[in-house]
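Please walk me through this protein model, one region at a time.

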Amino acid sequence: MGKIHIIHENNEWTNHLIKRLEELDLPYEEWHLSKGAIDLSLAPPQGVFYNRMSASSHTRGHRYAPEFTGAVLAWLERNGRTVFNGSRALQLELSKVNQYMALNLEGIETPKTIAAVGKEQLMEAAKGFAGQKFITKHNRAGKGLGVQLFASIEGLKSYVFSDQFDEPVDGITLIQQYIEAPEPVITRCEFIGGKFLYAVNVNTTDGFQLCPADACQIGDLFCPVGEEQEKKPKFEIDTNFNDPIIKKYEQFLQNNKIDVAGIEFIRNKQGQIFTYDVNTNTNYNPEAEAKAKQFGMLELAKFLGSQLEVVTKN
């Protein structure tokens with residue numbers, strides 16, 4: 001019998017899944033791809049493979065883990081192995097531009113966004129947002145990397161040409177329309193096996209650090225320029241969430257071969273939904289789950305176990 005192979009670079013984000021796999025007595029093996037080697041002439045082991053590689057791996061000293069993961073996934077897929085969140089999912093994890101183009105293809109609206117390389121080009125792009133608030137963010141991101149809120153082009157200039165400027169790992173900075181919500185809340189929809197699990201509302205009063213994992217609640221919560229940080233974000237599962245956007249998200253996931261994801265959106269004052277992030281290395285907040293009695297990692301472990309059973313029978 002094969003195993004459930006977990007491809008990742010961050011033990012803190014994977015331990016919760018491993019606990020659930022052990023509770024269910026499922027065989028597993030971790031593939032920590034911060035470094036390693038593969039012989040492309042050999043066949044991969046049997047079992048199923050779940051990719052949890054993160055766009056923010058470089059912040060943990062694992063700069064080339066995504067690139068190595070891409071090589072490993074190509075090898076697995078070439079040999080016909082069952083891979084969840086494979087090469088296409090990794091491509092979208094590493095680029096918000098790719099995410100937005102794929103979302104738009106499904107008729108899912110994203111905020112107005114300009115991608116720029118170079119500080120002068122960034123300032124020129126910002127002219128498209130003159131007279132309105134806008135944010136900057138990294139194209140290859142995660143954990144709210146590079147997210148800053150600006151009310152003027154002058155404020156952006158002071159930031160960009162200062163020592164505080166946060167250079168993106170791929171060189172691409174996004175300037176994006178700031179969506180004014182009636183309340184400081186965004187919604188994150190969780191999917192397992194390509195199907196909707198639950199929605200969690202996130203209070204954004206403290207800034208844009210929205211990762212729900214325990215490990216993300218420690219240390220430097222991102223504070224937007226000109227705002228003060230007072231307390232940590234709060235997560236609350238909406239057990240009654242029901243919106244037509246779910247069907248669009250499920251179709252998007254199916255068409256892009258994404259099995260596990262957290263998709264984030266915000267509503268403006270008119271109730272219009274703008275989708276701004278697809279996280280294929282999704283995490284879950286334990287306190288919110290305990291209160292709602294819904295457990296993402298448990299459902300994920302069950303899903304992987306059922307798929308391992310299918311592969312083993314075949």
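The model is predicted, so local features need pLDDT of at least 70 and side-chain atom pairs count only at pLDDT 80 or more, while totals for chains, interfaces and linings use all residues. Residues are numbered from 1 along each chain as its sequence is written, and side-chain values use heavy atoms, with hydrogens and water left out.

Helices (H or I, at least four residues) and strands (E, at least two) are DSSP runs, numbered from the N terminus. Two strands pair if DSSP finds at least two bridges between them. An open sheet of four strands runs in the order β2-β1-β3-β4, and its pairing is parallel. At the edges are β2 (28–32) and β4 (82–84), each of which pairs on one side only. On average, neighbouring strands of this sheet are turned by 20° against each other, direction ignored. Axes here are lines fitted to C-alpha atoms, for helices over the stretch in contact, and angles run from 0 to 180 degrees between N-to-C directions. Within the sheet, β1 (residues 3–8) pairs with β2 in the parallel sense over five bridges, and I7 stands opposite W31 in β2. Helix α2 (residues 65–78) packs on the sheet, where it touches β1, β2, β3 (47–51) and β4. Contact means heavy atoms within 4.5 Å. The direction of α2 makes about 150° with that of β1.

The loop between β1 and α1 (11–23) holds N10. Is N10 buried or exposed? N10 is buried, because its relative accessible area is 8% and buried means under 20%, exposed over 50%, and partly exposed in between (1.4 Å probe, protein chains only). Leaving aside residues up to four places away in sequence, N10 touches H32 and R60.

R60 also takes part in a salt bridge, with E9; the closest N and O atoms are 2.5 Å apart. A salt bridge is a side-chain nitrogen of Lys or Arg within 4 Å of a carboxyl oxygen of Asp or Glu. This pair links distant parts of the chain, with E9 in the loop between β1 and α1 and R60 in the loop between β3 and α2, 51 residues apart. E9 is buried at a relative accessible area of 2%, and R60 is partly exposed at 22%.

By this rule the count comes to 13 salt bridges. One of them joins the side chains of E23 and R20, at 3.1 Å from N to O. Both residues lie in helix α1, three residues apart, about one turn of the helix. E23 is exposed, with a relative accessible area of 53%. Another salt bridge joins E190 and R188, at 2.8 Å from N to O. E190 is buried, with a relative accessible area of 1%, and R188 is buried, with a relative accessible area of 1%. Salt bridges that share partners also join R63, E67 and R140 into one network.

A second open sheet of four strands has the order β5-β8-β6-β7, with antiparallel pairing. Its edge strands are β5 (113–116) and β7 (148–150), each pairing on one side only. Neighbouring strands of this sheet are turned by 25° against each other on average, direction ignored. Strands β6 (residues 134–138) and β8 (residues 173–177) pair in the antiparallel sense over five bridges, with K137 opposite L174 in β8. Helix α5 packs on this sheet and touches β5, β6 and β8, and its direction makes about 10° with that of β8.

How do α5 and its partner helix meet? The axes of α5 (residues 119–126) and α6 (residues 153–160) come within 10 Å and cross at roughly 170°. That makes α5 roughly antiparallel to α6, because angles under 35 degrees count as roughly parallel, over 145 as roughly antiparallel, 65 to 115 as roughly perpendicular and the rest as oblique. In α5, K119, L122, M123 and A126 meet I153, L156, K157 and V160 of α6. By class, this contact has six nonpolar, no polar and two charged residues. Ala, Val, Leu, Ile, Met, Phe, Trp, Tyr, Cys and Pro count as nonpolar, Asp, Glu, Lys and Arg as charged, and the others, Gly among them, as polar.
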